Amino acid sequence: MRIFRFMAATVAILALAGCSKPPVVNQFTKADVESITKAVQDVRTAYNAKDADKVAALFAPDAVLMPPNQATARSRDSVKQYYVARFAEGASDLEIEAKDIAGDGALAYASGDFRLVLNNPTGGEPQRDRGKFVWVFRKLDGRWMIEYVIFSSDFAPRPAPAPAT
């Protein structure tokens, strides 16, 4: 009799477990894609306005920026200082296109291409640059924030300015 009760209890528990709902997982939706697309365009707008504060405000507090041929910036404030210096060097006219945006839960990425104008450090005409990027986003307090950025140019590094004589 005890075996029968044990078997009946086991069957009942398994049946109830099979009827339970799966855990709720935050799905990555079309609205998330639209929010990230808007964030990419907000970076472009702030960049072209040379507004380092607005660019930095789109980054998570512990963001990491990995620009080519430079040290990694770790923190929103370091990211801001990178853009302050970038704008002082004359970077402008950013065009950016996120070709791929995907995610799962609170993490997402955007990757694509960019074009911009850089002052020529040796004088002369400004130089056009183009390249590719990958940005990692994290949803913090309901808002997609840029957490990691890496980008590279399709061209060789720019020459250093000639030493003053």
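Valine 136 has tyrosine 148 of strand 6 as its bridge partner. This pair is described in a predicted model, in which local features require pLDDT of at least 70 and side-chain atom pairs count only at pLDDT 80 or more, whereas totals for chains, interfaces and linings use all residues. Residues are numbered from 1 along each chain as its sequence is written, and side-chain values use heavy atoms, with hydrogens and water left out.

Strand 5 (residues 127–140) pairs with strand 6 in the antiparallel sense over ten bridges; pairing requires that DSSP find at least two bridges between two strands. Helices (H or I, at least four residues) and strands (E, at least two) are DSSP runs numbered from the N terminus. Two residues separate strand 5 from strand 6 in a hairpin, and aspartate 141 in the turn has a positive phi of about 50°. Strand 6 (residues 143–153) is also joined to strand 1 (residues 59–66), by four bridges and in the parallel sense. Within strand 6, valine 149 is the bridge partner of leucine 65.

Glutamate 147 is likewise located in strand 6. With a relative accessible area of 7%, glutamate 147 is buried (buried denotes under 20% relative accessible area, exposed over 50%, and partly exposed the range in between, with a 1.4 Å probe and protein chains only). The side chain of glutamate 147 forms a polar contact of 3.0 Å with that of arginine 138. A polar contact is a pair of N or O atoms within 3.5 Å; within protein, one atom must be able to donate a hydrogen and the other to accept it, and residues adjacent in sequence count only if both atoms are side-chain atoms. When neighbours within four places in sequence are set aside, the residues in contact with glutamate 147 include Ala60, Asp62, Ala63, Val64 and Leu107, as well as Val136, Phe137 and Arg138 (contact: heavy atoms within 4.5 Å).

Eight salt bridges are found in a search of the whole structure, a salt bridge being a side-chain nitrogen of Lys or Arg within 4 Å of a carboxyl oxygen of Asp or Glu. One of them connects the side chains of lysine 139 and aspartate 32 (3.0 Å, N to O). Because lysine 139 lies in strand 5 and aspartate 32 in helix 2 (residues 30–48), this pair ties together parts that are 107 residues apart in sequence. Aspartate 32 is buried at 6% relative accessibility, while lysine 139 is partly exposed, with a relative accessible area of 34%.

A further salt bridge, of 2.9 Å (N to O), is formed by the side chains of aspartate 42 and lysine 38. These two residues are four apart in helix 2, and are therefore separated by about one helical turn. Aspartate 42 is partly exposed, its relative accessible area being 27%.

The side chains of aspartate 113 and lysine 99 also meet in a salt bridge (2.8 Å, N to O). Here aspartate 113 belongs to strand 4 and lysine 99 to strand 3 (residues 92–104), so the pair ties together parts that are 14 residues apart in sequence. Aspartate 113 is partly exposed at 28% relative accessibility.

Tyrosine 109 is found in strand 4 (residues 107–118) and is partly exposed, with a relative accessible area of 37%.
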